[in-house]
Amino acid sequence: MTNYILWDVDGTLVRNGTDAGNLYHEAIELAVGRAIAGRLPNTHGKTDGQVLRESLAAHGLPEELHASASVHLDELSRLRHESGHHRELCPGVLEALAAATAAGWTNALLTGNSASRSRFKVTGAGVDPELFDWQHSYFGHETPIRSDLTIAARQDHPSDRLLIVGDTPGDDMAATAAGIPFFAVATGVYPVEDLVETSAMAVVDDLESGLPSLLRALSELLQR
C-alpha cells in the first residue's frame, strides 16, 4: 500500500495569479484568430478545461476550439515562465512537502492545470519538481469536471491511502465525490470561515502554522 498526498497548485502551493483570467482569454483569442471583448470573472477552483469551455460558450464559440486554446494556454504559460513572471510560494510549502515525505507519504498533484503549466508554476516558485510523483498526478486541462480527476485517482489506487490538499470548496466536493479525505488550507480566495463548512478533516490558515494539523491528519489516516 502506498500513501499519496495529492496537492492542488493554485492557491495551495503557489499564490493565485492576479491576472490569470487574462491568460485564458488570450489563449482563446489566439485560437480564434481575433480579439474578443470581455472575459469570465471567476476562475478560482475551476479546471483549465472548465474555464476554457465556459469562455468559449460565453462568447458563442464552438467547443471544438478547446484543443487549440489549450495548446496556446500552455505556450503562453511557458513564455510567461521564461520571461521571469513567476508565482509566489505559499507559506510553509517546502516544509510541508518534506514533512509529508518523512511521514511516509508520496507527494503528487491533483490540479486543474495541465502538467506543463503545473511544472512552470511550481518551479517558478522555487519548488524542485522532482519532489512530486508526476506519473501518479492528475491534471484538469481536458476535463471540465474536477471530480473526474478525483474519481480517476481513486480508481487507479483502490487500496492506497489518498489525501487531497486544496484551498476551495470545489476541491472538497471533488474529493467527496471520490470518497477521498480532504484537508483545507486558506491561502487562496476562500477564508477559513467558508472552508470550515466543507467536510475537511481540518482547516488551517496556511501550511506554515497548520503543519502540526496536517501531520495529525496524515497520522490519523495511517491508522485507518
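First, my conventions: I take axes as lines fitted to C-alpha atoms, for helices over the stretch in contact, with angles running from 0 to 180 degrees between N-to-C directions. Helices (H or I, at least four residues) and strands (E, at least two) are DSSP runs, numbered from the N terminus.

This is a predicted model, where local features need pLDDT of at least 70 and side-chain atom pairs count only at pLDDT 80 or more, while totals for chains, interfaces and linings use all residues. Residues are numbered from 1 along each chain as its sequence is written, and side-chain values use heavy atoms, without hydrogens and water.

Helix pair. I looked up helix α2 (residues 48-58) and helix α3 (residues 66-82): their axes come within 10 Å and cross at roughly 125 degrees. That makes α2 oblique to α3, since angles under 35 degrees count as roughly parallel, over 145 as roughly antiparallel, 65 to 115 as roughly perpendicular and the rest as oblique. In contact (heavy atoms within 4.5 Å), I find Asp48, Gly49, Leu52, Arg53 and Leu56 of α2 against His66, Ala69, Ser70 and Leu73 of α3.

Core. A nonpolar core here is a set of buried (under 20% relative accessible area, 1.4 Å probe, protein chains only) Ala, Val, Leu, Ile, Met, Phe, Trp, Tyr and Cys residues joined through side-chain atoms within 4.5 Å. The largest has 30 residues, and Ile5, Trp7, Phe132, Leu163 and Leu214 touch the most other members. I also noted a second, separate core of 17 residues, including Tyr138 and Ile180.

Helix α5. Within residues 115-124, I list Arg117, Ser118, Lys121, Val122 and Gly124 as buried. Glycine 126 follows α5 with a positive phi, near 95 degrees.

How values were computed
Buried means under 20% relative accessible area, exposed over 50%, partly exposed in between (1.4 Å probe, protein chains only).
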